[in-house]
Amino acid sequence: MPANTSPIFALTPKLALGRITTAQTDKSGATTANLITLYTATTNGTKVTQIGFKFVGTSTAGTFLIFLSDIDGTTLRLFDELLMSAVTSSTTAITHKQVISYSDLQLASGQKIIVGATTANTNIDVFAQIGDF
């Protein structure tokens with residue numbers, strides 16, 4: 001039972017971090033070898049406010065994949081996608097970054113945020129702004 005019940009707010013803010021290094025072309029969630037688990041919801045659940053990515057270097061066009069799991073963490077469903085633009089990184093051009101915000105995405109205990117990218121010619125740093133209940 002959450003300790004914060006009137007009204008319910010996330011008690012512990014967190015920033016989940018990860019890095020994608022290999023491409024994932026399967027959008028069904030059946031192949032998980034090139035996906036990373038960004039976060040697993042805690043006992044009382046987790047609220048997700050933002051998920052995003054930032055290329056570390058030159059990027060190629062593709063899609064950033066966001067999967068959510070069921071409560072046992074094994075069955076994945078494609079929840080969202082973001083387009084990744086091709087950008088040649090240099091001292092005068094920034095690398096590609098994109099963030100998507102959610103107003104009320106709440107995960108039950110054990111559900112996971114799992115991410116991947118359909119192209120990964122360089123490292124892609126990924127993050128989620130979350131709060132545990």
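These legends go with a set of close-up views of a predicted model.

Figure 1. The secondary structure comes to zero helices and eight strands. Read from the N terminus, the elements simply go β-β-β-β-β-β-β-β. The radius of gyration of the protein chain is 16 Å, close to the 14 Å from the globule rule for 133 residues, so the chain is as compact as a globular protein of that length. Along its principal axes, the C-alpha trace spans about 50 × 35 × 20 Å. As for burial, 41% of the 133 residues count as buried. Take the contacts between residues at least 6 apart in sequence: 79% of them join residues at least 24 apart.

**Figure 2. Surface and charge of the protein chain.** The accessible surface comes to about 6,800 Å². Carbon and sulfur atoms own 54% of that surface. There are 8 positive and 8 negative charges, and their mean positions sit 7 Å apart.

**Figure 3. Phenylalanine 53 and phenylalanine 64, an aromatic pair.** Searching the whole structure turns up three aromatic pairs. In one of them, phenylalanine 53 and phenylalanine 64 have ring centres 4.9 Å apart and planes at 40°, a tilted arrangement. The pair links distant parts of the chain, with phenylalanine 53 coming from strand β3 (residues 46-55) and phenylalanine 64 from strand β4 (residues 62-69), eleven residues apart. Both phenylalanine 53 and phenylalanine 64 are buried. Keep an eye on Phe55 too: Phe53, Phe55 and Phe64 form one aromatic cluster.

**Figure 4. Phenylalanine 79 and tyrosine 102, a pair between β5 and β6.** The ring centres of phenylalanine 79 and tyrosine 102 lie 5.6 Å apart with the planes at 50°, so this pair is tilted. Here too the pair links distant parts of the chain: phenylalanine 79 belongs to strand β5 and tyrosine 102 to strand β6, 23 residues apart. Phenylalanine 79 has a relative accessible area of 37%, so it is partly exposed. Tyrosine 102 comes in at 13% relative accessibility, under the 20% cut-off, so it counts as buried.

**Figure 5. Serine 59 and valine 87, two loop residues in contact.** Serine 59 is in the loop between β3 and β4. Its relative accessible area is 4%, so serine 59 is buried. Skipping neighbours within four places in sequence, serine 59 is in contact with Ser85, Ala86, Val87, His96 and Asn121. Valine 87 lies in the loop between β5 (76-84) and β6 (97-107). Leaving out residues up to four places away in sequence, valine 87 touches Thr58, Ser59, Ile94 and His96.

**Figure 6. Threonine 92, an exposed loop residue.** You'll find threonine 92 in the loop between β5 and β6. With a relative accessible area of 77%, over the 50% cut-off, threonine 92 is classed as exposed. The C-alpha atoms of threonine 92 and aspartate 125 are 20 Å apart, while the two residues are 33 residues apart along the chain.

**Figure 7. Threonine 46, buried in strand β3.** Threonine 46 has its place in strand β3. Its relative accessibility is 0%, so threonine 46 counts as buried. Apart from neighbours within four places in sequence, the contacts of threonine 46 are Tyr39, Ala41, Leu105, Gln106, Leu107, Ile130, Gly131, Asp132 and Phe133. For a distance check, pick threonine 46 and glycine 110: they are 64 residues apart along the chain, and 9.6 Å separates their C-alpha atoms.

**Figure 8. Isoleucine 114 and its contacts in the fold.** Isoleucine 114 is part of strand β7 (residues 112-117). At 7% relative accessibility, isoleucine 114 also counts as buried. With neighbours within four places in sequence left aside, isoleucine 114 is in contact with Leu35, Ile36, Thr37, Leu38, Leu65, Ile66, Phe67 and Leu76.

Methods
Residues numbered from 1 in each chain as written. Predicted model: local features only at pLDDT ≥ 70, side-chain atom pairs only at ≥ 80, totals over all residues. Heavy atoms only, no water. Helix = DSSP H or I, 4+ residues; strand = E, 2+ residues; numbered from the N terminus. Rg over C-alpha atoms; globule rule 2.2 N^0.38 Å. Buried < 20%, exposed > 50% of the residue type's maximum accessible area, 1.4 Å probe, protein only. Contact = heavy atoms within 4.5 Å. Areas by Shrake-Rupley, 256 points an atom, 1.4 Å probe, with all protein chains shown as cover. Lys, Arg positive; Asp, Glu negative; His and termini not counted. Charge placed at Lys NZ, Arg CZ, Asp CG, Glu CD. Phe/Tyr/Trp six-rings, centres within 6.5 Å; stacked < 30°, edge-to-face > 60°.
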